[in-house]
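Thanks for coming. I will go through one structure today, starting with a sheet and then moving to helices and side chains.

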Amino acid sequence: MLCDDCGRREAVVHIVQIGPEGRKEKNLCEKCAAGYGEFMPEAQPKRNMSVDDFLKGMFRQPGEQEEKHRQEGEPLVLTCPNCGMSYADFQQTGKIGCSVCYGTFRRQLEPLLRRIHGTSTHSGKIPRRSGGTLELKQEIKRLRGELKEKVAQEEYEEAARLRDEVRALEQKLSAKEGGEAHV
Amino acid sequence: MSKDEVMKERHLSWLSGEGQDGDVVLMSRVRLARNLKQLPFPSRADFSQLLAVRTQVEQIVPSLSQGLEVEFAGLNMEELTPLERSVLIEKQLATPALMKNPQHREVLLAEDGQVSLMVNEDDHLRIQCLSPAFDLDTPLKKAFAIDDIIESQLDIAFDEKMGYLTAVPTNLGTGLRASVVLHLPGLVFTKNIGSVETIAPQLGLSIHSLYGEGQEAGGCLYEITNQLTMGFSEQALVENLKSAVREVVAHERKARKALALYMKDRLEDEVWRAYGTLRYARLLTEKETLELLSWVRLGMNLRLMEVGNPDCFGDILLVSRTHFLQNLAENENMSKNEIDRLRAEQVRKALLGKE
């Protein structure tokens, strides 16, 4: 069935208008139907709204970071040098192109990750090969956090122990990094 | 293990019903998402890149089977019929995402049926480990072991701050999805399932019905999964899920006890009627089978009845699936009547434990 108004597109919305002249039925396409004002229902979303759909919506809201970019006049058209994905592509699909994209779009993604996960820092399993010295670094970071806490709680003995531990690890780290540099 | 064996195998080792909290928890699952460095994720990769991923993963299979002491069989999605692909989904060995574009998509299955590696799904690699009943530690350990072998030979995409890089940002960090399938007739009939559904998101978990949505939730089967993947270690995420599941299990048992106490006659009647229908019906629909099966399982758990084959639950669950039946009959064009007939026949066999 074609649209009663434009007669070109397939009619997908069927409305009944009851006015002073009586009852009037109309079959409209989506475009013409939109002209009938706010009471028109939106096109029905799919029954199962997937996480992807939800994400797409979230990504489209400009983050604070993005606003800042705009004010500073930096170009917004970022594309990933590895796979050629632009941030706009990502906003449309909700999917990321390749592992390099995470580096390319880091500034845009981080606020988003905090919104989804409440954090943007990983603290779990680390691949031994590509993780590099991260295991040590994370441990040091964790201990430093603990150290700060202990100082705040005025538990100085415990704090001193942690400080020594951090120092030992830092030495290990610099030795490792130095060693790698020599190779 | 040939393709046909995988397709027609009637027994799912991860649904055996034995194990901790087996009266409520059917199975536990751990999934890890991993990607290779540099190569675009499957949704953006071209055929040559997808092939590159597949070849690289296939190369590590020998070391995997050595490390885990189990043989792997590769099922290439392109070589399967759409029906066979659907059977894999019904058996929880593959996901719909793997089937949409079958090119260079593959499932590597361990012989024991408890490990499946999905190649070029949403991510380059999804490591899935299953385990019967309530046991998340074994699959997690297994998944870690597989991951360790893989990362010792392939460069995995990882960022110091963001963790494992995945195609969808909701999996970022650990790339871990741990889930547990529960049978909750007690909570459904005492109408308490709603409160579990409301509480779950507050604990960073999601709960959804395994078959069908909302009111039509078939067979009182629910799956609980972790929602967050970042900021916590894998163990912490799994612990969180475990403690929530323990709580749900306790509530379910309480509800069952209450049912058995206050409605004993009615309950017994329902349970035996369900058994009678499963045992003698000549036509069974998918939905009806699930509902009846749920009653029978409840009856067995409450010791209201004994059944010839106490392990039959998983088997009946499988033969209730339409695609599995079609594949079993090697006929894609069965009428609904024929399918229902075959289903009833298979259910009878499974119930009595006969091949």
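What is the order of the strands in the open sheet of chain B? Before I answer, please keep in mind that this is a predicted model. The order is S2-S3-S4-S5-S1-S8-S10-S9, eight strands in an open sheet with antiparallel pairing. At the edges are strand S2 (72–76) and strand S9 (205–209) of chain B, each of which pairs on one side only. From one strand to the next, the twist averages 20°.

Against this sheet packs helix H8 (residues 193–202) of chain B, which touches S9 and strand S10 (221–226) of chain B. The direction of H8 makes about 145° with that of S9(B).

Within the sheet, take strand S1 (residues 25–34) and strand S5 (residues 125–132) of chain B: they pair in the antiparallel sense over eight bridges. One detail you can look up on the screen is Met27(B), whose bridge partner in S5(B) is Pro132(B).

Next, two helices of chain B. Helix H10 (residues 264–280) and helix H14 (residues 336–352) have axes that come within 7 Å and cross at roughly 115°. On the H10(B) side the contact is made by Tyr275(B), Leu278(B) and Arg279(B), and on the H14(B) side by Val347(B), Arg348(B), Leu351(B) and Leu352(B). By type, five of the contact residues are nonpolar, none is polar and two are charged.

Now the aromatic rings. How many aromatic pairs does the structure hold over all chains? There are five. In one of them, the rings of Tyr87(A) and Phe105(A) have centres 5.6 Å apart and planes at 50°, so this pair is tilted. Tyr87(A) is in helix H4 (residues 87–93) of chain A, while Phe105(A) is in the loop between helix H5 (99–104) and helix H6 (106–117), 18 residues apart. Both Tyr87(A) and Phe105(A) are buried. Together with Phe90(A), they form one aromatic cluster.

In chain B, Phe158(B) and Tyr164(B) make an edge-to-face pair, 5.0 Å centre to centre with 75° between the planes. Phe158(B) and Tyr164(B) are both buried. Tyr164(B) also has the charged end of Arg34(B) over its ring, 3.4 Å from the centre. A further case is Arg297(B), which lies over the face of Phe313(B) at 4.7 Å from the ring centre.

Note on methods: Residues are numbered from 1 along each chain as its sequence is written. Chains are lettered from A and ligands numbered from 1 in the order in which they are written. This is a predicted model: local features need pLDDT of at least 70, side-chain atom pairs count only at pLDDT 80 or more; totals for chains, interfaces and linings use all residues. Side-chain values use heavy atoms; hydrogens and water are left out. Rings of Phe, Tyr and Trp (its six-membered ring) pair if their centres lie within 6.5 Å; planes under 30 degrees apart count as stacked, over 60 as edge-to-face and the rest as tilted. Helices (H or I, at least four residues) and strands (E, at least two) are DSSP runs, numbered from the N terminus. Buried means under 20% relative accessible area, exposed over 50%, partly exposed in between (1.4 Å probe, protein chains only). A charge sits over a ring if NZ of Lys or CZ of Arg is within 6 Å of the ring centre and within 35 degrees of the ring normal. Axes are lines fitted to C-alpha atoms, for helices over the stretch in contact, and angles run from 0 to 180 degrees between N-to-C directions. Contact means heavy atoms within 4.5 Å. Ala, Val, Leu, Ile, Met, Phe, Trp, Tyr, Cys and Pro count as nonpolar, Asp, Glu, Lys and Arg as charged, and the others, Gly among them, as polar. Two strands pair if DSSP finds at least two bridges between them.
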